[in-house]
Amino acid sequence: MTVWELYEEIHGDFNRVIDLFEDEQIAKDFVVMFLEDDSYENIHDAINKGDWNIAFRYVHSLKGLCTNMGFGDFSKVTMELTEQLRSKKPISNYSCLDKFDFEYNRLIELIKQVV
């Protein structure tokens with residue numbers, strides 16, 4: 001799979017990412033580096049501990065990263081989860097977290113196909 005196909009699959013905007021990094025290969029390298037990001041694990045760890053403030057901070061940062069990287073579908077669910085956690089109170093709608101998990105895992109599997 002090419003990085004272009006990945007972005008098509010996730011309804012993302014790779015042209016925007018290329019514009020940001022001013023080089024297609026550097027943009028692709030940053031996409032692949034997302035595999036090393038530990039935000040997902042940190043978010044789940046904070047949620048499992050009931051630390052809603054920390055969970056919000058991690059997901060808010062991840063939202064920014066995903067928006068900058070043009071990660072389309074995953075960006076949308078990080079925005080939804082950010083709003084769920086903004087009150088820094090327990091999650092009231094776990095379907096949002098389920099969508100977050102699904103889109104994260106889908107993105108990771110697609111990036112692995114690019115490598």
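Me: In this predicted model, are H5 and H6 roughly parallel or roughly antiparallel to each other?
Reply: The axes of H5 and H6 lie 9 Å apart, and the two helices pack at an angle of about 155°. Angles over 145 degrees count as roughly antiparallel. H5 and H6 are therefore roughly antiparallel.

Me: How many residues of the contact of H5 with H6 are charged?
Reply: H5 contributes residues including Trp52, Phe56, His60 and Lys63 to this contact, and H6 contributes residues including Phe74, Met79 and Leu85. The residues divide into 10 nonpolar and five polar, and the number that are charged is one.

Me: Is the crossing of H4 and H5 left-handed or right-handed?
Reply: Helix H4 (residues 39-49) packs with helix H5 (residues 52-68) at an angle of about 160°, their axes being 8 Å apart. That makes H4 roughly antiparallel to H5. The crossing of these two helices is left-handed.

Me: How many nonpolar residues are in the contact of H4 with H5?
Reply: In H4, Ser39, Asn42, Ile43, Ala46 and Ile47 meet residues of H5, among them Trp52, Tyr58 and Leu62. The contact has no charged residues and two polar ones, while the nonpolar residues number nine.

Me: Which element gives the most residues to the largest nonpolar core?
Reply: This core has 36 residues, and Phe71 is one of those that touch the most other members. Leaving aside its neighbours within four places in sequence, Phe71 is in contact with residues including Tyr7, Phe34 and Leu107. With nine residues, the element that gives the most to the core is H7.

Methods. Residues numbered from 1 in each chain as written. Predicted model: local features only at pLDDT ≥ 70, side-chain atom pairs only at ≥ 80, totals over all residues. Heavy atoms only, no water. Axes fitted to C-alpha atoms, helices over the stretch in contact; angles between N-to-C directions. Helix = DSSP H or I, 4+ residues; strand = E, 2+ residues; numbered from the N terminus. Parallel < 35°, antiparallel > 145°, perpendicular 65-115°, else oblique. Left-handed = near helix turned anticlockwise from the far one by under 90°. Contact = heavy atoms within 4.5 Å. Nonpolar A, V, L, I, M, F, W, Y, C, P; charged D, E, K, R; others polar. Core = buried A, V, L, I, M, F, W, Y, C linked by side-chain atoms within 4.5 Å. Buried < 20%, exposed > 50% of the residue type's maximum accessible area, 1.4 Å probe, protein only.
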